[in-house]
Amino acid sequence: MKPADKDVRVIVAGTKTGGHLYPAEAVGRRLEQLGMSVTLVSSGEAVEDTILRDSGLPVVVLKAGRLKGAGPVARLKGILGLPVGLVRAARLLMKLKPDLVVGFGGYTTGPLLMAAAMMRIPCAICEENSIPGLTNRVLARFARRIFVAYEDTAGIFRGSRV
C-alpha cells in the first residue's frame, strides 16, 4: 500500500475496555504508518490511561453519558446528557476537522459518530466482537462502512456496507 497524504485526518474512538481500545489503538497506529494524521478519542476513564499510556497517539477526552451498564439514575442522567454529548462531539469535530471518524464501540463513540454523520463526515464502525454491542448496533445506520471480525456478525448488520 502506498503512503497516504499527511493531510488525511482520522479520528478513532473507543471507550473504557480493552476490547474497544486495543483495536482502536492498533488501527490508529497502522493508519499513522500509512501516513495519516490520527487522533484517538476516549472517555477519560482511569483504565484508559493505563491502556493508552504508550500508544504514541494523541488522545482527546470526550465526556458523554453512559446508557448501558449503569444504574437507573445514571442511565437517566446519560439519556438527559445526550444532547450535551452531541454538542461536545460537534465542537471537537469542528476543532479537529477529520476526514473520517472510525468508532470501535462504547458510550463515547455514540455521540461522536452521530455528530459526525449529522455534519456529513464519513463514518465507519469496527465491530471486533461476535455479537455487536449496543453502540455499534445503533450507529450502523449512520456508517458508510461496517468492518466485522467474524463472518457471522456480518448477517447481524446486513447490507453491502459490511
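Biologist: Why does glutamate 25 count as buried?

Modeller: Glutamate 25 has 8% relative accessibility. Buried means under 20% relative accessible area, exposed over 50% and partly exposed in between, with a 1.4 Å probe and protein chains only, so glutamate 25 counts as buried. A word on the source: this is a predicted model, where local features need pLDDT of at least 70 and side-chain atom pairs count only at pLDDT 80 or more, while totals for chains, interfaces and linings use all residues. Residues are numbered from 1 along each chain as its sequence is written, and side-chain values use heavy atoms, with hydrogens and water left out.

Biologist: What makes the pairing of glutamate 25 with arginine 29 a salt bridge?

Modeller: The closest N and O atoms of the two are 3.5 Å apart. A salt bridge is a side-chain nitrogen of Lys or Arg within 4 Å of a carboxyl oxygen of Asp or Glu, so glutamate 25 and arginine 29 form one. The structure holds 1 salt bridge.

Biologist: Where do these two residues sit in helix H1?

Modeller: They are 4 residues apart in H1 (residues 18-33), so about one helical turn separates them. Helices (H or I, at least four residues) and strands (E, at least two) are DSSP runs, numbered from the N terminus.

Biologist: Why is arginine 29 called partly exposed?

Modeller: Arginine 29 has 38% relative accessibility, so it counts as partly exposed.

Biologist: How do you know which side of helix H4 the buried residues are on?

Modeller: In H4, Gly85, Ala89, Ala90, Leu92 and Leu93 are buried. They cover an arc of only 165° around the axis (taken from the directions from the helix axis to the C-beta atoms), so they are on the same side of H4. The face turned away from that buried side carries the exposed residues Arg91 and Lys95.

Biologist: Why is threonine 109 called buried, and what does its side chain reach?

Modeller: Threonine 109, in helix H5, has 0% relative accessibility, so it counts as buried. Its side chain reaches the backbone oxygen of alanine 13 at 3.4 Å, and a polar atom of that side chain lies 2.9 Å from the backbone oxygen of glycine 105.

Technical notes: A polar contact is a pair of N or O atoms within 3.5 Å; within protein, one must be able to donate a hydrogen and the other to accept it, and residues adjacent in sequence count only if both atoms are side-chain atoms.
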